[in-house]
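Subject: Structure for you to look at

Hello,

Here is the structure I said I would pass on.

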Amino acid sequence: MSRPRVVIAEDHPSTQEVLRQMLTPGYDIVAVVGDGESAVQAAESQHPDILLLDISLPFLSGIAVARKVKKDFPAMRIVFVTAHAERAYQREAFRAGANGYVVKRALVAELAPSLEAALNGQTYRSPSVAN
Amino acid sequence: MEDHREGADKPSRLQKRMIELEAHLGQLQDSDRQFRVLIDTVRDYALIPFDTNNCITGWNAGAERILSYQRDEILGKPASVLFTPEDIANGNMQLELDTARRTGRAEDERWHVRKDGSRFWSKGVLTRIDDESGNVVGYGKVLRDLTERNAHTRSSLLTLHENEGRRIARELHDDLVQRLAVLQINLARIGRDLPPAAAHVGSELLRLEKQTGMLSNDVRRLSHQLHPSVLDDLGLCAALETAVEEFRCEQNQEFIFLCEGVPENIPPNIATTIYRIAEEALRNIAKHASGPGSLSVIRDGRALRLTISDAGPGFDVPAVFKSGLGIPSMKERAQLVDGLFSVTSSAGGSTTVDVRIPLRGDC
């Protein structure tokens, strides 16, 4: 079975690096981009299985990217990886079509289950988001 | 008998002089009349003479416009009616008169009081008036209402403050919080991958990870207080809903939230104003009220209306307006975007804060 293909959209270099390290063993990272517009382009050109999206991205927010990508590629899985732990962000992310929502500080515990859930057609909500 | 002397029908030198003097007097009278008309009709400045007993002896159109008294009802009244009770009690009014008497003039910037009791910020000068022998016969006060200019300055300062808060909040969130998250992730990864022989290090790593998480939460809280990023990222309704959710969580209290018809493109200063007023009202409720409440923001024609209610116990509104900073600052924020602010409360009963802010342009 082929490894799932992932695009990482994250503007902070050290978070990019952490994601790269954590994903490399099980996923093919086909692009790493640092802004929202490049994320849309990478999704269009690479057709990844999963688009990992930060919310606060330059030029186009992650939420706006998700809306656009889900409109054109409804089957593409989108998992948000963000520092925003407020419910409003998670709510808006799922409204925009997210399949998963992970809070960065809980990445080690939550990244793998969120990606598995997304690939299995399920949704993953971070327990770290205030309820 | 006819007078055939040369120049008999011409005016004598005396008559000529008389005619010249009459013309000059006429010019002077015209000039004096023009000057009086100017003083009486100038509307940007209040020109108010007092006598040595500090009783008002004159009142121009500017004074009428700025202070609202009609000429007939103010002439003869003491000048103290124009000063705030605080300035009278603190001796500031007397100091102004003493300075003018001693040095000839006294400049000031202070609050003055209109007929209806409302206050305005003014810049003025009080000038001593002497007769030809140098005796003091009265004083002349010239003042200008700077409320509008002041409001503009305060509005600019507030915008500057909010923009700076937004910039620092972004820096904190987009850089420091990200770096702390990476630190926390790396600590968790090291802890996860520890060989069994190093298990004793695990608890120390866990402690460090938790401390990093707490530090990260503190920075996020600070960033949120400086400027809630949710307001810029997701809009006013999401930001208010988040504030209400946090309130419910912290106070363990029922609180209804409603957001209806709010346009997405409302100007940032209006969104920030509504958010800050709601935030202050929720803070007041957390401190002073109990029981269920509600917060709604709805579009009402060409305006946005924010209403926050609690179940009480209420308070004496005029007393709180005078002594508290919170409610006057909410009112000022609303006024800076041409909004109307009201608060109704009854002792032991409920309290409602109502704000109506006009929308302009394409909103």
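Start in chain A, with two helices: α2(A), residues 36–46, and α3(A), residues 62–72, pack at an angle of about 25°, and their axes are 9 Å apart. Angles under 35 degrees count as roughly parallel, so α2(A) is roughly parallel to α3(A). Keep in mind that this is a predicted model.

Which residues make the contact between α2(A) and α3(A)? From α2(A) they are A:Gly36, A:Ala39, A:Val40 and A:Ala43. From α3(A) they are A:Gly62, A:Ala64, A:Val65, A:Lys68 and A:Val69. By type, the residues of this contact divide into 6 nonpolar, 2 polar and 1 charged. The crossing of α2(A) past α3(A) is right-handed.

Now move to chain B, which has an open sheet of 5 strands. Their order is β5-β6-β7-β9-β8, and the pairing is mixed. Which strands stand at the edges? They are β5 (255–260) and β8 (340–345) of chain B. Each has a single partner strand, so one side of each is left without a neighbour in the sheet. From one strand to the next, the twist averages 10°.

For one pair in detail, take β5(B) and β6(B), the latter being residues 293–300: the two pair in the parallel sense over 6 bridges. Within this pair, B:Ile256 stands opposite B:Ser294 of β6(B).

Two helices of chain B pack on the sheet. Helix α10(B), residues 268–288, touches β6, β7 (303–310) and β9 (351–358) of chain B. The direction of α10(B) makes about 5° with that of β7(B). Helix α12(B), residues 326–336, touches β8 and β9 of chain B, and its direction makes about 150° with that of β8(B).

Helix α10(B) also packs with α9(B), residues 236–251, at an angle of about 10°, with the axes 10 Å apart. That makes α9(B) roughly parallel to α10(B). On the α9(B) side the contact is made by B:Leu236, B:Ala239, B:Leu240, B:Ala243, B:Phe247 and B:Gln251. On the α10(B) side it is made by B:Ala271, B:Ile274, B:Tyr275, B:Ala278, B:Glu279, B:Leu282 and B:Ala286. The residues of the contact of α9(B) with α10(B) divide into 11 nonpolar, 1 polar and 1 charged.

Regards

Note on methods. Residues are numbered from 1 along each chain as its sequence is written. Chains are lettered from A and ligands numbered from 1 in the order in which they are written. This is a predicted model: local features need pLDDT of at least 70, side-chain atom pairs count only at pLDDT 80 or more; totals for chains, interfaces and linings use all residues. Two strands pair if DSSP finds at least two bridges between them. Helices (H or I, at least four residues) and strands (E, at least two) are DSSP runs, numbered from the N terminus. Axes are lines fitted to C-alpha atoms, for helices over the stretch in contact, and angles run from 0 to 180 degrees between N-to-C directions. Two residues are in contact if their C-beta atoms, placed from the backbone, lie within 7 Å. Angles under 35 degrees count as roughly parallel, over 145 as roughly antiparallel, 65 to 115 as roughly perpendicular and the rest as oblique. Ala, Val, Leu, Ile, Met, Phe, Trp, Tyr, Cys and Pro count as nonpolar, Asp, Glu, Lys and Arg as charged, and the others, Gly among them, as polar. A crossing is left-handed if the near helix is turned anticlockwise from the far one by less than a right angle, and right-handed if clockwise.
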